[in-house]
Amino acid sequence: MSQPFVVEPAISESALIVLREAGALKKGHFVLSRGNHAEEYVDVREVYVHPKKLWELCRLLAECIHLSVPIDVVVGPARGGNDLSLGVAYWLNQLRFPKTKTGPEHSPIRRAWTDKIKIRVGDPTDGQQEEERFVIADCHKKLVKGKRVL
């Protein structure tokens with residue numbers, strides 16, 4: 001059984017400050033994608049237009065992760081999450097292996113991406129629905145096989 005993921009309060013507060021400063025924390029009434037309701041929402045797209053804020057958020061996420069979860073590969077969607085996954089992988093390498101040379105050939109923690117595909121789900125006799133799913137890009141399947149993936 002895996003250990004619970006614990007976020008240090010100071011890191012959590014720092015992340016909230018970064019999100020607030022980037023204008024990503026929204027208050028109001030939101031209907032989430034699964035129909036749940038929320039009074040607060042994080043619009044990460046707002047962080048993407050502030051590279052320094054995104055880089056800081058990546059560092060804070062890496063600080064949370066590197067103490068709690070052993071990771072070999074960071075995976076993110078090619079569209080919409082590429083910068084975030086790259087930044088988290090970079091900072092995980094800096095935190096875990098501070099004296100290691102940088103560059104793809106020297107990075108103990110690697111990064112891969114996913115592709116979004118549409119598949120048909122449901123009973124073919126009753127009519128199928130299209131659903132979007134993320135799958136590991138073919139060029140990265142060997143990279144993640146047998147590894148601890150975030």
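Helices (H or I, at least four residues) and strands (E, at least two) are DSSP runs, numbered from the N terminus. The model is predicted: local features need pLDDT of at least 70 and side-chain atom pairs count only at pLDDT 80 or more, while totals for chains, interfaces and linings use all residues. Residues are numbered from 1 along each chain as its sequence is written, and side-chain values use heavy atoms, with hydrogens and water left out.

The buried residues of α3 are Leu54, Leu57, Cys58, Leu60, Ala62, Glu63, Cys64 and Ile65, where buried denotes under 20% relative accessible area, exposed over 50% and partly exposed in between (1.4 Å probe, protein chains only). These residues pack against α1 (9–21), α2 (45–48) and α4.

Beyond its neighbours within four places in sequence, Leu57 is in contact (heavy atoms within 4.5 Å) with Ala15, Val18, Leu19 and Val47. Leu19 lies in helix α1 and is buried, with a relative accessible area of 10%. The C-alpha atoms of Leu19 and Asp43 are 8.8 Å apart, with the two residues separated by 24 residues along the chain.

The second largest pocket has a volume of about 160 Å³. Its lining has 13 residues, and those closest to the pocket centre are Val75, Gly76, Gly81, Leu84 and Ser85. Elements giving two or more residues to this lining are α3 (51–68), β3 (73–77) and α4 (82–96); the largest share, 4 residues, comes from β3. The lining divides into 9 nonpolar, 4 polar and no charged residues (nonpolar: Ala, Val, Leu, Ile, Met, Phe, Trp, Tyr, Cys and Pro; charged: Asp, Glu, Lys and Arg; polar: the others, Gly among them). On a 1 Å grid over the protein atoms alone, a pocket is an open set of points where a 1.4 Å probe fits, with protein on both sides within 12 Å along at least five of seven lines, and lining residues have an atom within 4 Å of a point. Grid points are joined across faces, edges and corners, and the volume is the space filled by probe spheres set on the points.
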